[in-house]
Amino acid sequence: MGRPVAVVTGAGSGIGRRVAHALLEYGYSVAVAGRRAAALDETLADSEASPDAVLAVPTDVSDPASVDALFDRVLETFGRVDLLFNNAGSFGAPAPFEEYARDEWRALVDTNLTGAFLCAQRAYRAMLEQDPRGGRIVNNGSISAHVPRPHAVAYTATKHAITGLTKQIAIEGRAHDIACGQIDVGNAATEMTKAMERGVIQADGSIAAEATMDADHVARAVLYMASLPLDANVLFMTVAATRMPFVGRG
């Protein structure tokens, strides 16, 4: 059997880019997916992978046809899917609950939750049908799957829902050698978290800067989850900046 095959969504920046690089260095063939083709090209240009080990597929995970096209390309190119890092997501525009825009709610549900479901389902089907069968799905949850931030109702709700998705895939997948786990990340230093270093609203309404950590720590954690044999699984892992307000938040 040749290189194992991974699909990484949201791979054009941040955690997705770091995880894609870690998987390539470990010996995976990696398909990177994201909305922006140029960003995906940058992800691959920053790696030292051989051209036959990589595939870039611009994808809108909220669109079922786009997700189908992604997995069709992956299977056509590499023949199987051993790992999905289900990472695509958005924080959205912060707003108080009573003012939160319905369009913003729908957009985040479509991307963060429906997108994760669509990608997981296509990966699951491939893992079920391939020979040898099985594989692993790692969902990117969040600290917000445990405790909310003010003014982030759609992000909080969708990340709580990812926990249910993870558990559902795990219970149904185990009969088919499909493992599913979730990594809940707190304040990895990416473009998405730059505002935290300047100051963000806290549970008591004050504004305070928050500690962050290098996103490479997240990549190493995902790599550990991915490296386990399919008879072992990290169901949930939390990786967070030590000094961020999480334990006892609020």
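Colleague: Thanks! What order do the strands of the open sheet come in?
Modeller: This is a predicted model, and its open sheet has 7 strands in the order E3-E2-E1-E4-E5-E6-E11, with parallel pairing.

Colleague: Which strands sit at the edges?
Modeller: Strand E3 (54-58) and strand E11 (236-240) do, and each of them pairs on one side only.

Colleague: And by how many degrees are neighbouring strands turned against each other?
Modeller: On average by 15 degrees, ignoring direction.

Colleague: Let's zoom in. How many bridges join E1 to E4?
Modeller: There are 3 bridges between strand E1 (residues 5-9) and strand E4 (residues 83-86), and the two run parallel. Take Ala6: its bridge partner in E4 is Leu83.

Colleague: Which strands does helix H4 lie across?
Modeller: Helix H4 (residues 102-129) lies across E1, E4, strand E5 (135-140) and strand E6 (178-186). The helix runs at about 175 degrees to E4. Helix H7 (residues 216-227) packs on the sheet too, touching E4, E5, E6 and E11. The direction of H7 makes about 165 degrees with that of E6.

Colleague: Switching to the inside: which residues of the largest nonpolar core touch the most other members?
Modeller: Those are Leu23, Val30 and Ile183, in a core of 38 residues. Elements giving two or more residues to this core include helix H1 (14-26), strand E2 (29-34) and helix H2 (37-45). H7 gives the most, with 7 residues.

Colleague: What is Ile183 in contact with, beyond its neighbours within four places in sequence?
Modeller: Among its contacts are Phe85, Val138, Val218, Ala221, Val222, Met225, Met237 and Val239. Asn139, Asn140, Gly141 and Ser142 are on the list as well.

Colleague: And what does the second core include?
Modeller: That separate core has 30 residues, including Val7, Ala33, Ile162 and Leu165.

Colleague: New topic. How many disulfides does a search of the whole structure find?
Modeller: The search finds 0 disulfides. Cys119, for one, is in no disulfide.

Colleague: Where in the chain do Phe91 and Tyr155 lie?
Modeller: Phe91 is in the loop between E4 and H4, while Tyr155 is in helix H5 (residues 153-173), so the pair ties together parts that are 64 residues apart in sequence. Phe91 is partly exposed at 23% relative accessibility, whereas Tyr155 is buried at 10%.

Colleague: Last one: where is Ala152, and is it buried or exposed?
Modeller: Ala152 is in the loop between E5 and H5. At 5% relative accessibility, Ala152 counts as buried.

Colleague: Which residues is Ala152 in contact with, leaving aside its neighbours within four places in sequence?
Modeller: Phe91 and Ala95. Ala152 and Phe91 are 61 residues apart in sequence, yet their C-alpha atoms are 7.6 Å apart in space.

Conventions
Residues are numbered from 1 along each chain as its sequence is written. This is a predicted model: local features need pLDDT of at least 70, side-chain atom pairs count only at pLDDT 80 or more; totals for chains, interfaces and linings use all residues. Side-chain values use heavy atoms; hydrogens and water are left out. Two strands pair if DSSP finds at least two bridges between them. Helices (H or I, at least four residues) and strands (E, at least two) are DSSP runs, numbered from the N terminus. Axes are lines fitted to C-alpha atoms, for helices over the stretch in contact, and angles run from 0 to 180 degrees between N-to-C directions. Contact means heavy atoms within 4.5 Å. A nonpolar core is a set of buried Ala, Val, Leu, Ile, Met, Phe, Trp, Tyr and Cys residues joined through side-chain atoms within 4.5 Å. Buried means under 20% relative accessible area, exposed over 50%, partly exposed in between (1.4 Å probe, protein chains only). A disulfide is a pair of cysteine sulfur atoms within 2.5 Å.
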